[in-house]
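Reader: I've got this one open on my screen and would like to talk it through. Can you take my questions one at a time?

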Amino acid sequence: MREIISASRIHSDLVRNVEEISGEHLLACNQCGKCSAGCPVASVMDMLPSQVIRMAQLGMEDVLESNTIWICASCLTCVTRCPKGVNLPRMMEALREVSLRSGVTKLDLDSLPPELVRELPQLAIVGGFRKYMK
Amino acid sequence: MGVPYYPGCTLSTNAKGYDRSGRAVAAALGMELVELPEWQCCGATFPLATDNSLALIAPTRILYQAEQQGDRVAALCAICYHVLKRTQTTLARDTEMHDRINWFTEQDYQGRVTVSHLLEILRDDVGWEALAQKVVRPLTGLRAAPYYGCLLLRPYDEIGMDDPENPSILHDLLRALGAEVVDFPYNIECCGSYLTVKEPGISENLSQDIVASARDHQAQVIVTACPLCQFNLEYPQREKASGRTGDEIPVVYFTQLMAVALGLPEEEWGMETGHFVDPRPLFNGK
Ligand code: SF4
Ligand code: SF4
């Protein structure tokens, strides 16, 4: 894959938005990979959590297409272990927010099985609404 | 002694057994959990976006309500606790945000209230020794696996209840109740949380790994403080058309085991609803 890295991309709106919403500096991450090593859902992500940060650092908009940002469960394991003190779940949330604020919706309420809705703890439903739609 | 108490939505609906047993064991220890006269949903997620002040309004309203009742508020639901505690810490550190929320709600939340999980009250105010002395029906021989999950412990710098990588509070509680504590490696792994709404397959896989690990360590019961963990770990073990496999492990709230050990009547255990694997056979005839 050929990727062009340019100063304009690194100073793009995406980078600015993610840093502003998350309150984190993307370049603080030195790509050690510890977050990906301990992420409980890494095996079903199309991109590792550390790769998502790398793409975001470089202003690569494709990162918004990754399923990783929606599969991140905000379990906060990575933030407990990051040697650089990077708050990765905040960055994941910022990427979800950029996407949701542009009008994307990730939860189709009609598709939820009624027997599941009946049994789900209320907080899961409220939490799901908050994470997947605006 | 009365302690102001925030039950939250889930404990008032699908997890009534947690509320019931929690109130009963607190009362048995001489503390009454006094429900806040007015409350609403905390929002169930703590906003990770720093510009999302809207999501801090509901929990701040709860903290304000609590402040009218005393200097602390107790919670049982790990997620309510997480949201309230982080809101309290966030507003204590960010005075500008604190002022903005108060301006919006037109309530004068002062930031005086401490948010405590019942587990912290048991450890810090009651003490494990004193609790052990109240046990009339020790859970001798019961292999109980403490499962912490995520939000009770993380992030440490805002929650600070216990060591986030090697916690002990549930272990200590179970020991005080006389149970045999099963230490298993998945006790702080994520159950999938709200992924269960959108990606149930993923949370089911995570949960099955956790239950399988507990089973490998011969646990008879898994013990939690979170209604979402309880659901995620138990629901995949529900009775299916193919019947039961016979190696299910019930997932109970720590308050339910306390209710048994403190010798409270069976209706106070709160086990008749909210379970997909009935835990009661474990205690019959004991
Ligand atoms: S652990 Fe921290 S520094 Fe290492 S790759 Fe992940 S976010 Fe970057
Ligand atoms: S917060 Fe998200 S990225 Fe970090 S370990 Fe958990 S699921 Fe993985």
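Author: Here are some questions and answers on this predicted model, starting with confidence and moving on to the chain contact and the ligands.

Reader: What ipTM does the model score?

Author: Keep in mind that this is a predicted model, so let's start with the scores that come with it. For chain B, 99% of the residues score at least 70 in pLDDT, and the average is 96. For the model, the pTM is 0.96 and the ipTM is 0.94.

Reader: How much area is buried between chain A and chain B, and which residues in chain A lose the most?

Author: The contact draws 42 residues from chain A and 43 residues from chain B. About 3,600 Å² is buried between them, with carbon and sulfur atoms giving 64% of that. On the chain A side, three residues together account for 18% of what that side buries, and they are A:Arg90, A:Leu123 and A:Arg130.

Reader: Which residues meet in a salt bridge across the interface?

Author: The rule finds 2 salt bridges between chain A and chain B. To count, a side-chain nitrogen of Lys or Arg has to lie within 4 Å of a carboxyl oxygen of Asp or Glu. One pair comes in at 2.8 Å, N to O, and its partners are A:Arg101 and B:Asp51.

Reader: Which residues come nearest to ligand 1?

Author: Two helices of chain A, α3 (34-38) and α4 (49-57), each supply at least two residues of its shell. By class, that shell has 7 nonpolar, 4 polar and 2 charged residues. Of the 13 residues around ligand 1, the nearest are A:Cys29, A:Cys32, A:Gly33, A:Cys35 and A:Cys82.

Reader: How many charged residues does the shell around ligand 2 have?

Author: Residues surrounding ligand 2 include A:Cys39, A:Cys72, A:Cys75 and A:Cys78, along with A:Pro40, A:Pro49 and A:Pro89. Also there are A:Ser74 and A:Thr77, which count as polar. The class count is 10 nonpolar and 2 polar, and for charged residues the answer is none.

Terms used:
Residues are numbered from 1 along each chain as its sequence is written. Chains are lettered from A and ligands numbered from 1 in the order in which they are written. This is a predicted model: local features need pLDDT of at least 70, side-chain atom pairs count only at pLDDT 80 or more; totals for chains, interfaces and linings use all residues. Side-chain values use heavy atoms; hydrogens and water are left out. A residue is near a molecule or strand if one of its heavy atoms lies within 4 Å of it. pLDDT is the predictor's confidence in each residue, from 0 to 100. Contact means heavy atoms within 4.5 Å. Buried area is the accessible area (1.4 Å probe) that two parts lose on being put together, summed over both. Helices (H or I, at least four residues) and strands (E, at least two) are DSSP runs, numbered from the N terminus.
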